[in-house]
Amino acid sequence: MRTLDDLDVEGKRVLVRVDFNVPLDQSRPPRITDDSRIRGALPTLKELREKGAARLVLLAHLGRPKDREPEFSLKPAAERLSELLGVEVALAANFDDVPESEVVMLENVRYEPGETKNDPELAKRYAALADVYVNDAFGAAHRAHASTEAVAHLLPAAAGRLLEREVKTLTGILEDPKRPLVAVVGGAKVTDKLGVLDAFLERADSVLIGGAMCFPFFSAQGHDVGDSLCEAEGVDPARHTLEGGGDKLRLPEDLVAGREFSEDTEVRELDGVDVPDGWMGLDIGRGSSEAYASVITEAGTVFWNGPMGAFELEPFAAGTRRVAEAMAECEGTTVVGGGDSAAALAEFGLADRVDHLSTGGGASLELIEGKPLPGVEALS
Ligand code: ADP
Ligand code: MG
C-alpha cells in the first residue's frame with residue numbers, strides 16, 4: 001500500500017477522500033454529535049498543506065440519500081472542518097461550480113447516482129479536479145465506489161495517515177500480535193460478526209463472548225433464553241462454532257435480566273444463564289465481567305467489538321463498564337472497533353485510554369475477517 005511517504009504533493013492539487021459520515025442530531029440546522037471522524041482526518045489534511053499542496057479537494061459521503069435530499073448535505077461537516085483546520089472550507093454544490101479556494105469540499109458523493117456503482121465516468125470527473133489522489137476514508141474502504149475505488153486508478157494514489165494507521169494496526173493484530181491475544185465480541189449484530197469470531201478462533205488465545213451475541217450460543221447448548229434478543233439465523237452457526245471452538249471460546253456464566261428493554265424495568269441478577277420466560281438477558285453478570293476483566297488485563301493484545309449488554313440503560317451498563325475499565329488498565333495493545341463500543345468507552349470517559357479506536361465499523365470487521373478491502377487494494 002502506497003502512503004503519503006510515496007507521493008509528491010508539492011504544488012499539486014490533491015483529491016482527498018475522507019470519511020465525514022458523522023452522526024447528526026434532529027435540530028435545524030443539524031448539529032454534529034460526534035466529530036471524531038473529522039478530527040481523524042486532520043493529520044493527513046495538515047500534512048498535505050504543510051508539504052505544499054496547491055489545493056485540497058475533498059470528497060465525502062453522508063448517510064444514504066436517495067436523491068439530492070438537503071438533510072444529507074455536507075454543510076455541517078464543511079463548517080466543522082473550517083473551525084478545526086482554521087481555514088475556510090468552501091462547499092461546492094456540483095462539478096460545474098467548484099470554487100478556486102485553498103480547501104474545497106464537494107457535496108455528498110452519494111448525491112451522484114454513479115457513486116455507489118463505481119461508475120468510471122463519474123470517477124473521471126472526480127479525477128479531473130486534481131493531480132493526485134489520497135484516500136483517508138477507512139470507514140468506506142470496504143466499498144468499491146467511484147470515490148474510493150475507480151478514481152484511485154486514474155491518478156497517482158496513496159493512503160492517508162488515518163487509513164494507513166487503521167490498516168497497519170488491524171492487520172498487525174492478526175499477523176504478529178503480542179500474546180496472549182484476546183478478542184472480546186459482543187453487541188447485537190450477531191450474524192454480522194460470525195466471520196470475525198471465526199477469524200479470532202483461529203488466531204486468538206481467548207475469545208470472550210458477551211452482549212446479545214451469547215444467546216444463539218446458549219440456545220444451541222439447550223439453555224432457555226426467555227425473551228432475550230436471540231437471532232434465529234445465528235443458532236446453527238453458533239452450534240458449529242461451539243463444536244470447533246475448543247476451550248478458547250468463553251461464554252458468560254451469569255447474566256443480568258430485565259422484564260423489558262428500559263431503564264426503569266424490574267431487574268434480576270441470574271446465577272446461571274437460563275433466562276426465565278418473561279425476562280430478557282440484558283447484561284453479563286458480575287462473575288462473568290470479573291472473569292473477563294482479568295483475562296483482558298493480562299492480555300498482550302486485545303481487540304474489542306460490541307458492548308457486553310444494553311449499556312445505554314444504566315441498570316445494564318456494568319458489564320460493559322467493567323470490560324472498558326479492564327481495557328484501560330491493560331498494558332498490552334488495546335484496539336476497539338465498532339460505533340457503539342466506541343460510544344460506550346467515550347461515555348465512561350475512557351476513550352483516550354486505549355491504543356486505537358477504529359473509525360470504521362464495517363471496514364474493520366471485514367479486514368479482520370481477511371476480506372480484501374477494495375479501497376485499500378486500489379492503493380497498491
Ligand atoms: P458495535 O456498534 O460496537 O459494533 P453493535 O451495533 O453490534 O455494536 O451492538 C450494540 C447494541 O447492542 C447496543 O445498542 C446494545 O444496547 C445492544 N445490546 C448489547 N447487548 C444486548 C442484549 N443482551 N440484549 C439486547 N441488546 C443488546
Ligand atoms: Mg453499532
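Reply: A polar side-chain atom of Lys193 lies 2.8 Å from an oxygen atom of ligand 1. This is a predicted model, in which local features need pLDDT of at least 70 and side-chain atom pairs count only at pLDDT 80 or more, while totals for chains, interfaces and linings use all residues. Residues are numbered from 1 along each chain as its sequence is written, chains are lettered from A and ligands numbered from 1 in the order in which they are written, and side-chain values use heavy atoms, with hydrogens and water left out.

The backbone also reaches the ligand. A polar backbone atom of Ala188 is 3.0 Å from an oxygen atom of ligand 1. For Gly339, a backbone N or O atom lies 3.3 Å from a ligand oxygen. A polar contact here is a pair of N or O atoms within 3.5 Å; within protein, one must be able to donate a hydrogen and the other to accept it, and residues adjacent in sequence count only if both atoms are side-chain atoms.

Taken alone, ligand 1 exposes 580 Å², and the protein buries 90% of that (Shrake-Rupley areas, 1.4 Å probe; for residues, only the protein chains shown count as cover). Two elements give two or more residues to the shell: strand 12 (280-284) and helix 10 (339-347). Helix 10 gives the most, with 3 residues. The shell holds 21 residues, and Lys193, Gly281, Glu312, Asp340 and Ser341 come nearest. A residue is near if one of its heavy atoms lies within 4 Å.

Helices (H or I, at least four residues) and strands (E, at least two) are DSSP runs, numbered from the N terminus. Strands pair if DSSP finds at least two bridges between them.

Take strand 7 (residues 181-185). Of its 5 residues, 5 are buried (under 20% relative accessible area; exposed is over 50%, partly exposed in between; 1.4 Å probe, protein chains only). In a regular strand, side chains alternate between the two faces of the sheet. Leu181, Ala183 and Val185 point one way from strand 7, and Val182 and Val184 the other.

On one flank, strand 7 meets strand 13 (residues 301-305) over 5 bridges, in the parallel sense. Ala183 stands opposite Phe303 there. Val185 has Asn305 as its bridge partner.

Strand 7 also pairs with strand 8 (residues 206-209), again parallel, over 4 bridges. Val182 stands opposite Ser206. Ala183 has Val207 as its bridge partner in strand 8. Between these two strands the chain runs through helix 5 (residues 190-203), and this β-α-β crossover is right-handed. Right-handed means that, with the strands pointing away from the viewer, the path from the first strand over the helix to the second runs clockwise.

Strand 8 is covered on both faces. Ser206 and Leu208 on one side are buried, as are Val207 and Ile209 on the other. Strand 8 then passes the pairing on to strand 9: 2 bridges join them, and they run parallel. Leu208 stands opposite Arg250 of strand 9.
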